[in-house]
Amino acid sequence: MSDVIAQATGLVKTYPPRDKRSAPFTAVDGIDFTLQRGEAFGFLGPNGAGKSSTMRMIACVSPPTAGTLRVLGLDPATDGRRIRARLGVVPQDDALDSELSVRENLLIYGRYFGLSTRLIDERATQLLDFAQLTDKAAERVDALSGGMRRRLTIARSLINEPELLLLDEPTTGLDPQARHVLWDRLFRLKQQGVTLVLTTHYMDEAEQLCDRLVVMDGGKIVAQGSPAELIAKHATREVLELRFGIGEQAAAVEKLRQARTGDRIEELPDRLLWYTAEGDAALAAAHALGLTPVTALVRRASLEDVFLALTGRTLVD
Amino acid sequence: MTTATASPGMALRFYRYCWLHYRRNWKGTIVISVANPLLFLVAIGAGLGAVVGSHVEALGGVSYLAFFAPGMLAAASMQNGMIESAFPVSYQRMPGRAYPVAVSTPLEPVDVLHGHALFMAVKIAIGAAAFCAVMFAFGVAASPLAVLALPAAVLTGFAFAMPVAAWAVTLPDVRPVQTLFKWVVMPLYLFSGTFFATTQLPEAVQHLVALTPLWHGVELCRTLTLGTATWAGSLTHTAYLTALALVGYVVARRNYHRHLHP
């Protein structure tokens, strides 16, 4: 089943000026995308790239300034209610009522969708099991850890059995272990056929979860494709990372450029990246040039390298 | 800008949330909204009233308690209207709180406004009913029309709640709310004829006071309770307060949409 679940053409979001002295701010500057049913789709980019604004428009809580947007075949401008009834939303800030219990948070949310108390109870039991929170059901939300809260937010977003699940920075602020637990849950949802759309500024997250993604920067889409396609197109197979002693990097870069390897060299504040087909061969070449890096690491190219190649900047500063 | 049609059923969903949330928080507000006005009624009305002596001419020939109680009813209702709107609205509209959550479901901003406004009205009514019960137990009512002081007090509270909600939903944080209570609520409370007859003020000030909404609420509640209400007076006060509530509602409807679905 490969039908379109959401589609945008020339989508723009401009916010009015906050006060008389400031100018209107264009967060999303004319983007096109098509989301297929059943896929996991990612909006990747640094903070301020326009990812969250895009998500808010898809979620029908923020009307587009220009362009066309269709979600579930409907127009958000006229059918916001009907679309939102079929969406699941996981906001970045969890947005749980911390004074209510875990189960009460699901009850309230289920009621917003007009579900009967009995149906909510039934689904809440299943969802708490899915979110590994069954033994926390009666606890107040403010007693939960960050990872538990995020899992509860995901459980809550599933109460209406959504066709499309929107996740805004789902693992930001979580420790590595909590992230892996969350990825596992999201992967299960994907296996069950739920369409996932997520924003992230973590490359590993995008690589783990997304079938397809777009890279956003400054309100525009700068590249799109599967993680493997993007890496193949915008980076080399391997990357050699070299760290030098303080003050020695500039001289090393100079030497490498003069050697004319034909490979792309990127300078980061703490290390240099050598994009090459064969990392070990490149390291041998560096040694042959008389370079003495403090550490040397050969790795596969990642989406981080794609972003760096496209924008000249790293994702997480 | 498209504004979706309001749905009463959706509004009730948010109203039910308000009660569930209140069940966790009632201890914090019951003192200020119900107990406080009653303590004032007893301490000022009965206590200070005994010192003032009865049948002072400026009070219209009634005891100080009878003069003060319906004024306090209106003032307490105003305060409840503000307490029910200013803090909760500015709090719940923040990222991660109840408003943004509700408007990401089938609820529209206008439904959230309706549900919350209904909750405010019910809370104002409960406070006013408790106050009326005690006031009538003191034997203050001089006319069967006194029962109308209850809806009059609810209207007074609601006439404040709506414009304040319209304002509070635009606030980036709750700090301006403190300012509102210091610089608007307190002066109105003191100078709108609650504690003393405004005829004791200089004439220029009297005209100014007669423009304030609380003065209309106080006059309406007082004349109904003491049996001195006139058709013209009561209709003017009611029209003024209704207009204020309506204007507040219309602005709130626009502001809720702008700020919750930006």
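**Exercises on helices and salt bridges**

Over residues 117-139 of chain B the chain is 91% helix and 0% strand, with end C-alpha atoms 33 Å apart, where helices (H or I, at least four residues) and strands (E, at least two) are DSSP runs numbered from the N terminus. This is a predicted model, in which local features need pLDDT of at least 70 and side-chain atom pairs count only at pLDDT 80 or more, while totals for chains, interfaces and linings use all residues. Residues are numbered from 1 along each chain as its sequence is written, chains are lettered from A in the order in which they are written, and side-chain values use heavy atoms, leaving out hydrogens and water.

**Exercise 1.** Find which chain holds the partner of Arg84(A) in a salt bridge.

Solution. A salt bridge is a side-chain nitrogen of Lys or Arg within 4 Å of a carboxyl oxygen of Asp or Glu. Arg84(A) forms one with Glu108(B), the closest N and O atoms being 2.9 Å apart. The pair therefore crosses between chains, from helix 2 (residues 76-84) of chain A to the loop between helix 3 (98-102) and helix 4 (109-137) of chain B. Arg84(A) is buried, at 1% relative accessibility, where buried means under 20% relative accessible area (1.4 Å probe, protein chains only).

**Exercise 2.** Determine which parts of chain A are tied together by Glu241(A) and Arg299(A).

Solution. The two side chains meet in a salt bridge of 2.7 Å, N to O. Glu241(A) lies in strand 10 (residues 238-243) and Arg299(A) in strand 13 (residues 295-300), so the pair ties together parts 58 residues apart in sequence. Salt bridges that share partners join both into one network, including Arg243(A) and Asp270(A).

Notes: Buried means under 20% relative accessible area, exposed over 50%, partly exposed in between (1.4 Å probe, protein chains only).
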